[in-house]
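The report below walks through it step by step.

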Amino acid sequence: MNTYVLKTLWRHRTRTLLTVTGAAVAMFVFCFVGSVQEGLHRLTSGADADRSLIVFQENRFCPTSSRLPEDYARKIKEISGVRDVMPIQVWTNNCRASLDIVVFNGADPRQIQNSRPLKLVDGDWGQFSSQRDAAIVGRNVAQRRGLKTGDQFSIGDLSVKVAGIFESTVPSEENLIYTSLAFLQYTRGLDAAGLVTQHEVMLTDDADPDRVASEIDAALRAGSVATKTRRKGAFQASTLSDLVDLIGFAHWLGYACVGLVLSLVATTTVMSVQDRIKEYAVLQTIGVRPARTMRLVLAESTLLCLVGGVGGTLLALVLLGVGGFAIGAEGATIAFRPSFGLAISGTLVSVIVGIAAGLAPAVQAATVPIVNALRQA
Amino acid sequence: MALVELRGVSKSFRKGDETITPLDNVDLDIESGEFVSLMGPSGTGKSTLLNLVSGIDRVDAGSIVVAGTEVTKLSRSKLADWRAANLGYIFQTHNLIPVLTAYENVELPTLLLKLSSTQRRQRVELALEAVGLSDRADHYPRQLSGGQEQRVGIARAIVAHPKVVVADEPTGSLDTETSEQVQVLLQRLNKELDITLLMVTHDAEAAGIASRQLVLDRGRFLERDSHSGVSRKIQHAN
């Protein structure tokens, strides 16, 4: 009976190919949208997002507009619950939402190595620590910009030598380029000697993040610049708020893709069953049970959907893997990465939609009055 | 007990505002091993009778017992199981599955039975051999002539070793020469394999090959003498 299903699909290969292609395109978009959603979710809800704080200049948004004294780090460290503070100078080529955002984070190389979940896949930490204009580049940026260790990379007034490429368990980190703090502070145009964009505060295990955040702002209120301290996740969500709304809306696009696959495969299956209603009557005359007739139709629709859906999902995962896509705004970025979850959800959605698309025609094939169907030309 | 027993079978159809009753309280017995042909004018219910015996249509009243099973009481699923094990159906228009080869078409009914792959292969090969199409096993229906298609249809009907085979005008769409070949084949299957056959036909010559010829006229069966062509009313024992 499997032969019957496969040969039927093969015999109508133009129709099969068109349906599979349609399902693949829709599931490709579904996975891409899913990847954006996952990226946003990781950015705002990971452990890192809850257990570290970002101290930013009050009422400032773009990194270039936040200018905090570097020595705030010393005062912040004195507050109970603070394990470490990392002053960071941020530079970005675009403060608006962009798909090709380049973000430099300048910080102490030793602190970067100790506090960030980074692993060099090429190059070495020694060169990065010792050479003033050395930079380590996130895998996504390297893929997108075609960078490799030893390259000289220039953007705007910045020019760095790539000392290594890193990967990270936090995908958004892979959209960053790290340099030493001093290098970025003294870059022409930034004029930020003794200043940083933000302080990243690492908390002790038992510290209450909101309490510490309030105490930091209170302690620095008497300083030259007022601050606004938030959990890292909340800070990033706030920074990307415009994008968050768009991404939230984009999930409807994902549902629309599922609906598209459903209607496409359902249309094909309905047409196929109507064309071959006499065949199903013949099969039942031979002794094929109605339930088995239903299964034949469901197998056909599920196979169409599964082949197209899995094809589209795999293509999306491969592209997400090699493309290094990201979207960002105001120095915060969302990485589009492939994931096991996306592969599973793409496959599951394909199977469920395939079954749903075949239900009505399957019932039609199984319940058709045999004698009437046999009389059809 | 007869292999096929029809008692008080009635069947009506609605055609617009009109109700047509081709079968009205009919009785019929067919013994095991018989080859029965059924003739009659168009619209007298010959094919309807065949469909009722096959369980692909439902009676309005009466009962049909085939090989000890009252098919009129079975559900649609049970009827399918029953047909798979007990009934072969030969269609007028062959109705082969176009995407399957001759071998695969004949194999279809055996897939519904509990057989090993070896048993299945043996049965299919025997059935194709019986209809003289072993050398056409890998051909698709579009690559076969009308007569060959019908012979594949016959092989498909007998491959599961059914207790009864029904044939709805099996020579109706064939030319004279091919029609004669199919008639000979049916006669041989009846005699050599002892298959019980119930055949509906318009063709008096085709009907003549049957061991018993019936004419359905105005809802009543008449026995037809193949030599004289005279029909007389059937006398039931009960």
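## Strands, cores and a shared contact

In chain A, strand 3 runs antiparallel to strand 4 (residues 103-107), and four bridges link the pair. Keep in mind as you explore that this is a predicted model. One bridge joins Val90(A) to Asn105(A), its partner in strand 4 of chain A. Strand 3 of chain A also pairs in the antiparallel sense with strand 11 (residues 198-203) of chain A, here over six bridges. In that pairing, look for Val85(A), which stands opposite Val201(A) of strand 11 in chain A. Strand 3 of chain A spans residues 82-92 and is mostly covered, with nine of its 11 residues buried.

Now for the helical side of chain A. According to an unreviewed UniProt entry, the annotation "transmembrane region" covers residues 16-36, 252-273, 302-327 and 339-360 of chain A. The table describes two of these spans.

| Span in chain A | Helix | Strand | Distance between end C-alpha atoms |
|---|---|---|---|
| Residues 16-36 | 100% helix | 0% strand | 30 Å |
| Residues 302-327 | 85% helix | 8% strand | 35 Å |

Let's move on to chain B. Its secondary structure consists of seven helices and 11 strands. The C-alpha trace of chain B spans about 45 × 40 × 40 Å along its principal axes. Chain B has a radius of gyration of 18 Å, which agrees with a compact globule, because a globule of 238 residues would have a value near 18 Å. Of the 238 residues in chain B, 46% are buried. Among contacts in chain B with a separation of 6 or more, 67% join residues 24 or more positions apart.

Which residues have the most contacts inside the largest nonpolar core? They are Ala155(B) and Leu198(B), in a core of 87 residues. Leaving aside residues up to four places away in sequence, Leu198(B) touches Val4(B), Ile30(B), Val36(B), Leu38(B), Leu50(B), Val53(B), Val164(B) and Val166(B). A second, separate core has 86 residues, including Ala24(A), Ile76(A), Phe166(A) and Ala357(A).

Finally, how many residues does each chain bring to the contact? Chain A gives 18 residues and chain B gives 20 residues. On the side of chain A that touches chain B, helix 1 (2-11), helix 12 (277-286), helix 13 (290-323) and helix 15 (370-375) of chain A each supply at least two residues. This side of chain A is made up of nine nonpolar, five polar and four charged residues.

Definitions and conventions:
Residues numbered from 1 in each chain as written. Chains lettered and ligands numbered in written order. Predicted model: local features only at pLDDT ≥ 70, side-chain atom pairs only at ≥ 80, totals over all residues. Contact = placed C-beta atoms within 7 Å. Nonpolar A, V, L, I, M, F, W, Y, C, P; charged D, E, K, R; others polar. Core = buried A, V, L, I, M, F, W, Y, C linked by C-beta atoms within 7 Å. Buried ≥ 20, exposed ≤ 12 C-beta atoms within 10 Å, placed from the backbone. UniProt positions renumbered as here; feature names shortened; annotations may be inferred. Rg over C-alpha atoms; globule rule 2.2 N^0.38 Å. Pairing = 2+ DSSP bridges.
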